[in-house]
Every structure is written in C-alpha cells, then in structure tokens.
Amino acid sequence: MARANAAYYAGRDPFGAGGDFTTAPEITQAFGECLGLWAAVTWTLMGSPGSVILAEAGPGRGTLMADALRAIGTMVPDFARAARLHLVETSPLLREAQRARLPGATWHEDLTTLPDGPLILLANEFLDALPIRQFVRRGGAWMERWVAGSAFVERPAPDAPLPDAGKEGEIREVNEPALTIAAALGTRLVAWGGAALLIDYGPAESAPGSSLQAIRDRRAADPLADPGGADLTAHVDFAALARAARAAGAAAHGPVPQGVFLTRLGLHSRAAALAASEPGRGARHLEAATRLTAPEAMGRLFKALAISHPALPTLPGFEAA
C-alpha cells in the first residue's frame, strides 16, 4: 500500500475535476478559510507566541493552506506575521503545485524534521492514505493478510498488535504509521506547545471490518489491480489515535463529525457571505457547504480530531453539545 501510493502521488495530480477525486479544499474556499481561523484562535489560546510553526501534512495542491493564509492575513494579521509555514509532502509533482501557491514555505519529507517550537498542524485526508495491516481471525488465532500477485494470502501472525480474542472470520485493521504519528505529535506538543487538527474519514469508535478501497476516475476500483494506478485508502481509527496521543501525555479533543465541526466554525455563514458577494455562483457556494456538512454527504463519515498540549482549553469546534 505504501509503495503503491508513493508511485500514485509521484506521477500525477489526482485532485479536482480532472482527477480521480475531490477533497474538501477543492470543493469550497470556505473550508480552508475556516481552518485558518481555527488555527488563529488556537494560536491565541496558546498565548499568541511571537513565532509559531504553521504546518500542513499532505497539502495537495496547496489550496487549503492558501485559503487559510488569506483568511488569517485579513482577520488576524498578528498571527500571519508570527507563522512560519512548513509543508510535509513527498511528491515532487505536488510540491511544484504547492510552490506556485505558497512560495514562502519550507518542505519536509515527514513530520519528524519539522523544527522545534510551538506548532499548529493541519492534516486533511492525510492519514487515510497511510499503509494499514489487516488481520483475520482464523481458528482462534490471528492471520495477517499479505498480497501475492493480485490476490490476498493469509499467514500466521503471532505478533499481531491485537487482543488474543475475536470472532471467527473477523477482520481488524491497524494503521501503525498513523499511531506513530499520533504518539509523536502528542510527545512534541507536550514539550513545545500547540495543537494538531486531523480531519479524515472513519468511525468514531474502533470497529471490525475491511475498509481498504481504491478510487480511479472517480469510481471504486480493485485495490489489487494496477498498483500505483489508483488511490488506496482505509478508514482512520480515531479512537486509537486519541489513545495514542493521550498515552504520550497530550490532550485529545473529539472526534466530532465533520458536519458538526464545520458548522460550529461558521462554514455556513461564510458560504452565505460568498454567495451574496458572487450572485452568479451563489448556489454553488451553498451547495458546497451542504456537501461538506450534510450527514448523507461528507458530514457524518468524516470526523475531526485535535491533539493539543494538555494545558490548552477546549479547542474551537470541539465544545460540548
């Protein structure tokens, strides 16, 4: 999965109308603007440090961060002056697109090389593309799924990072890179301060089942066919990420459904303002906001989870209902 996705993203721009799929920043500028102002409020809750790392993991074309910075510069110019922009991206092709929109950024291969200091990190649809392991319960033991040619094979997995129990035939997924990132972010945020906002799709509570899927030309595809020719993703286990962050000493906020989170941040108000300012595109702005927040669209399956220094209060969008 890791090799296939590395090849996939290295060789194409998969986003937008001409790509294989569309992410929230490409649907409406209001998404990135709301996340930028979320970062600004979080910065004030941190005590408004004079220098802060503003980072994004998996920044795509740079659309989200460009929209975020525009809103930040207009509404919270002190934060704009304090922010030092860093992007975590491995694809040379996507880095070029990001450089055109965000010429002042510094790029990184992974999160471990971000400089020390207070951090605000945004990551939208980043964790779902990290490689999972799949385990199947067979005869009272866990077997691990491997890929041989174009088919799954099962091998004994005595080291499976799972409880020694489960129903016959039950499938469990473990995303070890995502758990490592959550733990590392927790450790870092405890040491230096700040917060990370992770938005992705998956259940609020850990659940069994296979969620591995492939998308090509905006349609479901066989995950084992044509490696590197389709986007491979799997559901994010938000409950496991929260546990990993808390085990490192950090606070975890959420997860909450994306629709609830964005509504609390004022996405619908911003969409209405955009609609009023552009009457010819008004319906498109309102429809985009509905697509991101409606339960039957992206509002329920997608979730928001934040990790922060334990001294910070409840972060925007995560207030109790």
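In this predicted model, the buried residues of helix α8 are Phe238, Ala239, Ala240, Leu241, Ala242, Ala244 and Ala245. The helix spans residues 238–247 and is mostly covered, with 7 of its 10 residues buried. The cover over these buried residues includes α7 (176–192) and β9 (194–201). It also includes β13 (251–257) and β14 (302–308). After α8 comes Gly249, whose phi is positive, near 100°.

Strand β1 (residues 52–57) is also covered. Of its 6 residues, 6 are buried, so the strand is largely enclosed by the rest of the structure. In a regular strand, side chains alternate between the two faces of the sheet. In β1, Val52, Leu54 and Glu56 point one way. Ile53, Ala55 and Ala57 point the other way. Residues of both groups are buried.

Two partners of β1 can be described. Strand β2 (residues 83–88) runs parallel to β1 and is joined to it by 6 bridges. Within this pairing, Ala55 stands opposite His86 of β2. Strand β4 pairs with β1 in the parallel sense as well, over 4 bridges. Here the bridge partner of Ile53 is Leu119 in β4.

Strand β4 covers residues 119–124 and includes Asn124. Asn124 has a relative accessible area of 6% and is buried, because the limit for burial is under 20%. Its contacts, leaving aside neighbours within four places in sequence, include Thr23, Ala24, Pro25 and Phe31. Ala57 is one of the buried residues of β1.

Arg155 lies in another strand, β7 (residues 151–156). Arg155 is partly exposed, with a relative accessible area of 42%. Not counting residues up to four places away in sequence, Arg155 touches Met143, Glu144 and Trp146. The C-alpha atoms of Arg155 and Val136 are separated by 9.6 Å, and the two residues are 19 apart along the chain.

Trp146 also belongs to the lining of a pocket. This is the second largest pocket, with a volume of about 650 Å³. The pocket is lined by 19 residues, and those closest to its centre are Met1, Ala2, Trp146, Val147 and Leu224. Three elements each supply at least two lining residues: α1 (2–10), β5 (133–138) and β6 (141–148). The most comes from β6, which gives 4 residues. By residue class, the lining divides into 13 nonpolar, 2 polar and 4 charged.

A further sheet is open and has 3 strands, in the order β11-β10-β12 with antiparallel pairing. The edges are held by β11 (219–221) and β12 (231–233). Each of these edge strands has a single partner strand, so one side of each is left without a neighbour in the sheet. Neighbouring strands of the sheet are turned by 40° against each other on average, direction ignored. Strand β10 (residues 213–216) pairs with β12 in the antiparallel sense over 3 bridges. Among the residues involved, Ala214 has Leu232 of β12 as its bridge partner.

Key:
Residues are numbered from 1 along each chain as its sequence is written. This is a predicted model: local features need pLDDT of at least 70, side-chain atom pairs count only at pLDDT 80 or more; totals for chains, interfaces and linings use all residues. Side-chain values use heavy atoms; hydrogens and water are left out. On a 1 Å grid over the protein atoms alone, a cavity is a set of points where a 1.4 Å probe fits but cannot get out, and a pocket is an open set with protein on both sides within 12 Å along at least five of seven lines; lining residues have an atom within 4 Å of a point. Grid points are joined across faces, edges and corners, and a volume is the space filled by probe spheres set on the points. Ala, Val, Leu, Ile, Met, Phe, Trp, Tyr, Cys and Pro count as nonpolar, Asp, Glu, Lys and Arg as charged, and the others, Gly among them, as polar. Two strands pair if DSSP finds at least two bridges between them. Axes are lines fitted to C-alpha atoms, for helices over the stretch in contact, and angles run from 0 to 180 degrees between N-to-C directions. Buried means under 20% relative accessible area, exposed over 50%, partly exposed in between (1.4 Å probe, protein chains only). Contact means heavy atoms within 4.5 Å.
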